[in-house]
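Subject: Structure for you to look at

Hello,

Here is the structure I promised to pass on. Please open it next to this email and follow along.

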Amino acid sequence: MVTMRVECPVCKKEKKIEIDPTSAKGIVCYLAPADKVCEHILLVFVDEKGNIHRVQRLDHIGVDTAVGIPRARGMSLRGAMKVFGPVFTDMISAVLLGKTLVLCDDVDVAITVYNTLARLFTTSVSLGENVLIIEDCTQAPDDAYVVNCRYAIGRGDVDTSAHKSLERYLREAIAVNDNEAAVMFVRQRLSGLQRAADVVSEKVEARINVKNLIAMIEQETGITFKYDDIHAILALLRSRGQTERADLVQMGDLNGF
Ligand SMILES: [Zn+2]
């Protein structure tokens with residue numbers, strides 16, 4: 001980590017930000033929160049050599065500074081699904097399964113969709129770590145899932161094992177005409193998948209069929225799961241490097257579903 005000094009374009013006072021210039025190729029966007037010296041929230045675009053390319057005030061694109069911490073506004077879930085279509089599911093899947101997500105080209109849209117995504121997870125979705133906002137899409141790391149936010153086009157491999165579950169959660173969520181409830185519903189479901197993956201990694205030590213597995217994780221978590229969710233849970237285990245444990249689950253038997 002390197003400490004950099006940034007001049008606020010609004011009040012001309014100096015802010016310090018901690019950056020990791022080696023974290024990605026190209027220009028990476030960092031968030032500089034409001035502090036005692038300068039009340040403005042800034043987006044600072046820094047390249048891998050540590051040169052500052054642009055400093056932009058975040059407040060004007062919808063940040064609530066009243067509580068002292070940056071709480072940027074996102075799109076509604078319904079809005080994000082409308083704007084990004086299937087790419088939105090890919091983005092959730094990438095974050096869920098620990099793949100680096102790059103949002104690029106249109107920075108304002110990128111920030112907005114980042115805020116929407118971050119609200120869906122109880123675990124931290126950090127800007128500059130698992131999600132990068134960069135201006136030039138061609139500068140994205142090779143192994144990332146890259147979304148051009150100007151055209152809502154996604155590129156890169158993403159594990160689609162969780163897609164059926166994610167699409168069902170989103171569909172059920174937006175059936176409620178209340179964005180807060182919809183966000184909370186998806187967050188509960190995603191957090192339920194994480195808990196179920198924890199249970200599998202703690203309890204499953206021998207081969208088990210999917211029906212018994214569902215009964216077991218439902219008993220342990222108190223949450224109801226469907227067959228598709230098991231695909232998502234096993235993808236989570238594989239993303240945590242627990243492929244051998246995931247392989248203990250026999251998916252073949254669909255009787256009773
Ligand atoms: Zn300022």
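At what angle do helix H1 and helix H4 pack? The angle is about 125 degrees, and the two axes are 10 Å apart. Here H1 is residues 77–84 and H4 is residues 163–174. That angle makes H1 oblique to H4. Their crossing is left-handed. On the H1 side, the contact is made by Leu-77, Arg-78 and Met-81. On the H4 side, Leu-170, Ala-173 and Ile-174 make it. By type, these residues divide into 5 nonpolar, 1 charged and no polar.

Before you go on, one caution. This is a predicted model. Please keep that in mind throughout.

**The whole protein**

The protein has 257 residues, and 36% of them are buried. It has 13 strands and 8 helices. Now take the contacts between residues at least 6 apart in sequence. Of these, 64% join residues at least 24 apart.

Start with strand E1, residues 2–7. Is it buried or in the open? Of its 6 residues, the number buried is 0, so E1 lies largely in the open.

Its partner is strand E2, residues 14–19. The two strands pair in the antiparallel sense, over 6 bridges.

**The open sheet**

Next, a reminder about sheets. Strands of a sheet pair through backbone hydrogen bonds, either parallel or antiparallel.

In what order do the 4 strands of the open sheet come? The order is E9-E8-E10-E11, and the pairing is mixed. The edge strands are E9 (131–134) and E11 (153–155). Each of these two pairs on one side only. On average, neighbouring strands of this sheet are turned by 20 degrees against each other, direction ignored.

Look at one pair in detail. Val-147 stands opposite Gly-154 in E11.

The loop between E10 and E11 holds Ala-152. Phi of Ala-152 is near 55 degrees. Again, that is a positive value in a residue other than glycine.

Helix H2 is residues 86–96. It lies across strands E8 (101–104), E9, E10 and E11. It runs at about 145 degrees to E10. Helix H3, residues 107–119, packs on the sheet too. H3 touches E8 and E9. Its direction makes about 165 degrees with that of E9.

How many of the 11 residues of H2 are buried? The count is 10, and H2 is mostly covered. Among the buried residues are Val-87, Phe-88, Met-91, Ile-92, Val-95 and Leu-96. Thr-89, Asp-90 and Ser-93 are also among them. After H2 comes Gly-98. Its phi is positive, near 75 degrees.

Last, go to helix H8, residues 243–246, and find Ala-246. Is Ala-246 buried or exposed? Ala-246 has 22 other C-beta atoms within 10 Å, and 20 or more makes a residue buried, so Ala-246 is buried.

Which residues does Ala-246 contact, leaving aside its neighbours within four places in sequence? They are Leu-234, Leu-237 and Arg-238. Ile-230 is 16 residues from Ala-246 along the chain. The C-alpha atoms of Ile-230 and Ala-246 are separated by 9.8 Å.

Best wishes

Notes. Residues are numbered from 1 along each chain as its sequence is written. This is a predicted model: local features need pLDDT of at least 70, side-chain atom pairs count only at pLDDT 80 or more; totals for chains, interfaces and linings use all residues. A residue is buried if 20 or more other C-beta atoms lie within 10 Å of its own, exposed if 12 or fewer, and partly exposed in between; C-beta atoms are placed from the backbone. Two strands pair if DSSP finds at least two bridges between them. Axes are lines fitted to C-alpha atoms, for helices over the stretch in contact, and angles run from 0 to 180 degrees between N-to-C directions. Angles under 35 degrees count as roughly parallel, over 145 as roughly antiparallel, 65 to 115 as roughly perpendicular and the rest as oblique. A crossing is left-handed if the near helix is turned anticlockwise from the far one by less than a right angle, and right-handed if clockwise. Two residues are in contact if their C-beta atoms, placed from the backbone, lie within 7 Å. Ala, Val, Leu, Ile, Met, Phe, Trp, Tyr, Cys and Pro count as nonpolar, Asp, Glu, Lys and Arg as charged, and the others, Gly among them, as polar.
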